[in-house]
Amino acid sequence: MIRRFIDKVFRRKAKSGPRILTREQHGIPRDRIHPCALKTTRALRQAGYSAFVVGGAVRDLLLGRVPKDFDVATDATPEQVRAVFRRARLIGRRFQIVHVYCGADVIEVTTFRAATPDADEGEEDSRVTADDGLLLRDNVFGTQQEDAARRDFTVNALYYDPDKEEIWEWHGGVEDARARVIRIIGDPTQRFREDPVRMLRAARFAAKLDFRIDPATRAPIAELAPMLARIPMARLFDEMMKLLLSGHAERGVHQLRAEGLHRGILPMLDAILDDPARQPFLHAALHDTDERVRQGHSASPAFMLACLLWFDMNEAWRANQQDDGMSAQAALHEAMDRVLERQRDALAFPRRFDGTIKEIWALQARFEQRSGARPYRLLMHPRFRAGYDFLLIRARGGDAPQELADWWTRFTQADEGERAAMIAQFGPGDAKRKPRRRRRRTPAATSEAGVA
Ligand code: ATP
Ligand code: MG
């Protein structure tokens, strides 16, 4: 109560209030708002609080896109929010938020926050990693105006009131969305210094939305880019994965290079970008992932990691065989483990991806074995599809024979008779039943497809 009174006084003191756009002015049909978000804002309002849909969802709706998720911002404290809903959970310690559940859906509800100079570095990620000792100090609630000022870009600082069907904006985000501009709120240098990850976010949003970065926002980036070295790898990794799996990865990586931001973020990406021989593979991988996302399929972090680390793994595999005389299988497994361990130390990505990554890699050599029953067995492998997609990318990137990829494409589509004929040309294979011999094949047989 007291705080809301203070808010009112504060607002009256503010030089100018928000610009409020009506339904006619912003054009967002209410039925585009997720029912769960509508329910959440309505319940909060009925309890006497203000509640708005915020952030990416409003921006995406304004652009006629389908939002990924709906966030709600309110002047109710997390405890007050929880008291309003039957199914709600408090999350986080430093910046508490509330998850409100409707069926299987979750709406994230945040209390308006005031910007504290050294506390405002992103959302969830930093909460875990930075200043763990300062639990309550940073949980500073604020007015909507303050909340808007601590957000990163004007197009991300829009507040939509579904009841009145109004957009409230404090920083010209609607106009910027229409002009397709990414513009940071406040002084660019200061805001990027506060949180260098915002530079990556600028590039990510520009790529995702096909916006340009406003010249004043862009100007300090080249100089400040090295500040990213101070950000914990785990946070950079998360932000990069968002970019790489956004459906606009090709443009995103291009944008990073254009801004001079591609160095030192993901060491393995650096390595690929520095080696002209590896670039076609990277582009094939990004292109393929973008296509998949745009067709509504999910893109998996494991598949992306398998792509980014493929060359490192391959090199280690080859070295194990050539220098240390290991068998192909032993060399493969040692190389996979070592490359993943090394990256995990640097990037802190979860162990649960390992299984899939290793399977995708290990399947690659099996695609070369086209005789006997092996192709049928491979077809039945639970990761066949991922392995096959990976093979296609390798072929397009010049890392595997196109003929091999085409053969597998035909094989998956062929009927029984055709399949038998396709296999016959590679000899009897398993019919002779000498699996041991075949397993001891020479490395030369593998290098045919550039695997070894
Ligand atoms: P996406 O559709 O990619 O999720 P988004 O705008 O929802 O885009 P999020 O990373 O989910 O982006 O963040 C939600 C909101 O939180 C943003 O719209 C922005 O207002 C605010 N925000 C996130 N990260 C930062 C940051 N580093 N600095 C300031 N504000 C941020
Ligand atoms: Mg979001």
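**Exercise 1. Classify R180: buried, partly exposed or exposed?**

Solution. R180 has a relative accessibility of 37%. Buried means under 20% relative accessible area, exposed over 50%, and partly exposed in between (1.4 Å probe, protein chains only). R180 therefore counts as partly exposed. Helices (H or I, at least four residues) and strands (E, at least two) are DSSP runs, numbered from the N terminus. Last, check the backbone: phi of R180 is positive, about 55°, although R180 is not a glycine.

Ground rules for what follows. Residues are numbered from 1 along each chain as its sequence is written, while chains are lettered from A and ligands numbered from 1 in the order in which they are written. In this predicted model local features need pLDDT of at least 70, side-chain atom pairs count only at pLDDT 80 or more, and totals for chains, interfaces and linings use all residues; side-chain values use heavy atoms, with hydrogens and water left out.

**Exercise 2. Find the loop that holds E165, and state its phi and burial.**

Solution. The loop of E165 runs between β7 (158-161) and β8 (166-169). Phi of E165 is near 55°, a positive value in a residue other than glycine. E165 counts as buried because its relative accessibility is 16%.

**Exercise 3. Describe the protein chain as a whole.**

Solution. Start with secondary structure: the chain has 25 helices and 10 strands. Then burial: 52% of the 452 residues count as buried. Then contacts, meaning heavy atoms within 4.5 Å. Among contacts with a separation of 6 or more, 69% join residues 24 or more positions apart. Finally surface: the chain exposes about 21,100 Å², and carbon and sulfur atoms supply 51% of it. Accessible areas come from the Shrake-Rupley method with a 1.4 Å probe; for residues, only the protein chains shown count as cover.

**Exercise 4. Which residues and elements surround ligand 1?**

Solution. Step one, the count: 18 residues surround ligand 1. A residue is near a molecule if one of its heavy atoms lies within 4 Å of it. The closest are R59, K68, D195, R198 and R201.

Step two, the elements. α4 (56-62), α10 (197-209) and α13 (233-244) each supply at least two shell residues. α10 gives the most, with five residues.

Step three, the domains. Domain 1 (1-179) and domain 2 (195-286) each give at least three residues to the shell. These bounds come from an automatic or database domain assignment.

The shell divides into one nonpolar, four polar and 13 charged residues. Ala, Val, Leu, Ile, Met, Phe, Trp, Tyr, Cys and Pro count as nonpolar, Asp, Glu, Lys and Arg as charged, and the others, Gly among them, as polar.

**Exercise 5. What does the side chain of D290 reach?**

Solution. First locate D290: helix α16 (residues 279-294). D290 counts as buried because its relative accessibility is 3%. Its side chain reaches the backbone nitrogen of H248 at 3.3 Å and that of A249 at 2.8 Å. Leaving out residues up to four places away in sequence, D290 touches G247, H248, A249 and E250. D290 and G247 are 43 residues apart in sequence, yet 4.1 Å apart in space, C-alpha to C-alpha.

**Exercise 6. Where does T74 sit, and which backbone oxygen does its side chain reach?**

Solution. T74 belongs to strand β3 (residues 71-74). At 0% relative accessibility, T74 is classed as buried. Its side chain reaches the backbone oxygen of S50 at 2.7 Å. Beyond four places in sequence, the residues touched by T74 include L44, Y49, V81 and F112.

Note on methods: Polar contact = N/O pair within 3.5 Å; in protein donor to acceptor, adjacent residues only side chain to side chain.
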